[in-house]
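Please read this short report alongside the model. It starts with the folds of the chain, then turns to charged pairs and the surface.

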Amino acid sequence: MSKVSKMFKSSSSSGSSTSSRSKHRPRTGPSPQEAIHKLRDTEEMLTKKQDYLERKIEQEVLTAKKNGLRNKRAALQALKRKKRFEQQLTQIDGTLSTIEFQREALENAHTNTEVLKNMGFAAKAIKGVHQNMDLDKIDSLMQDITEQQEVAREICDAISQPFGETFDEDELLAELAELEQEELESSMKNMGRLPSVPTSKLPSTQPSHRHHASSKKKVEDDDDMHRLAAWAT
């Protein structure tokens, strides 16, 4: 038996033994958080590889330009390396897109799982609360509340009614309007009654003063006449 066959035989036997052990021991997969963390680490590693390849491409372009006229063979080798780096860069771009899509799908699935878990927890809580409620008791309680509200309303109406004599408010307003009309008519009559003009001639103080002055002057004239007569005789 060759060494290769022995190697495959030993590997198959070890694989069967490990498979038998795995049957007896259940294997649990990674949690969503662990898988998301691994994918992010992979994205970070590939991003660094992208930066490295971009720098290498720039270096090879500079090498090709430098040796374009002096060493054509070296320039061609630099361009070949640049092409390989570009191919690797394109492959990494596709890998990053796939990993990003897988990570987003896993994050959405984990979010949906947590949402459904919380919704189920809330549904169980609501169910537990409703189990302690009796619909018949609720209906009876609402009827009691309605009856008590009606009783309270009747009590308020009874308390708010005035005691003693009651008067018709419309009648009182009509009487008040009549009194206001009478007062208005009386005011109009007083305003229309003007004082009469006196017909007799009012006495004047100025003529009496003139009469007194003329009497005084006549007495003085008489005295003068007496003195003149006495002087003549």
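A helix here is a DSSP run of H or I that spans at least four residues, and helices are numbered from the N terminus. By that rule, D51 lies in helix α2. The model is a predicted one.

**Overall build**

The protein has six helices and zero strands. Read from the N terminus, the order of elements is α-α-α-α-α-α. The protein has 233 residues, and buried residues make up 9% of them.

**Helices α2 and α3**

Two packed helices are described by the angle between their axes and the distance between the axes. Helix α2 covers residues 32-66, and helix α3 covers residues 72-131. They pack at an angle of about 160°, and their axes lie 8 Å apart. That makes α2 roughly antiparallel to α3, because angles over 145 degrees count as roughly antiparallel. The crossing of α2 and α3 is left-handed.

Back to D51 in helix α2. Is D51 buried or partly exposed? Its relative accessibility is 36%, so D51 counts as partly exposed. The C-alpha atom of D51 is separated by 9.3 Å from that of L89. Along the chain, D51 and L89 are 38 residues apart.

**Salt bridges**

Side chains of opposite charge can pair when their charged atoms come close. The cut-off for a salt bridge is 4 Å, from a side-chain nitrogen of Lys or Arg to a carboxyl oxygen of Asp or Glu. By this rule the count comes to seven salt bridges. The table includes three of them.

| Salt bridge | N to O distance |
|---|---|
| E43 with R103 | 3.1 Å |
| K82 with E86 | 2.8 Å |
| E107 with R103 | 3.2 Å |

Take E43 and R103, which form a salt bridge. This pair links distant parts of the chain, with E43 in helix α2 and R103 in helix α3, 60 residues apart. Both E43 and R103 are buried.

R103 also meets E107 in a salt bridge. Why are E107 and R103 separated by about one helical turn? Because they are four residues apart in helix α3. E107 is buried, and R103 is too. Salt bridges that share partners join R40, E43, R103 and E107 into one network.

K82 and E86 pair as well, with their closest N and O atoms 2.8 Å apart. K82 and E86 are four residues apart in helix α3, so about one helical turn separates them. What does the accessibility of each residue say? K82 has 13% relative accessibility, so K82 counts as buried. E86 has 28%, so E86 counts as partly exposed. The cut-off for buried is under 20% relative accessible area.

**A nonpolar patch on the surface**

Which residues form the nonpolar patch on the surface? They are V129, M133, L135, I138, L141, M142 and I145. Together they have about 650 Å² of accessible area. Helix α4, residues 135-160, gives the most to this patch, with five residues.

M142 belongs to the patch and is found in helix α4. M142 has a relative accessible area of 46%, so M142 is partly exposed. A patch residue needs over 30% relative accessible area.

How values were computed. Residues numbered from 1 in each chain as written. Predicted model: local features only at pLDDT ≥ 70, side-chain atom pairs only at ≥ 80, totals over all residues. Heavy atoms only, no water. Patch = residues over 30% accessible without salt bridge, like charges linked within 9 Å, V, L, I, M, F, W, Y side chains within 5 Å. Areas by Shrake-Rupley, 256 points an atom, 1.4 Å probe, with all protein chains shown as cover. Helix = DSSP H or I, 4+ residues; strand = E, 2+ residues; numbered from the N terminus. Buried < 20%, exposed > 50% of the residue type's maximum accessible area, 1.4 Å probe, protein only. Axes fitted to C-alpha atoms, helices over the stretch in contact; angles between N-to-C directions. Parallel < 35°, antiparallel > 145°, perpendicular 65-115°, else oblique. Left-handed = near helix turned anticlockwise from the far one by under 90°.
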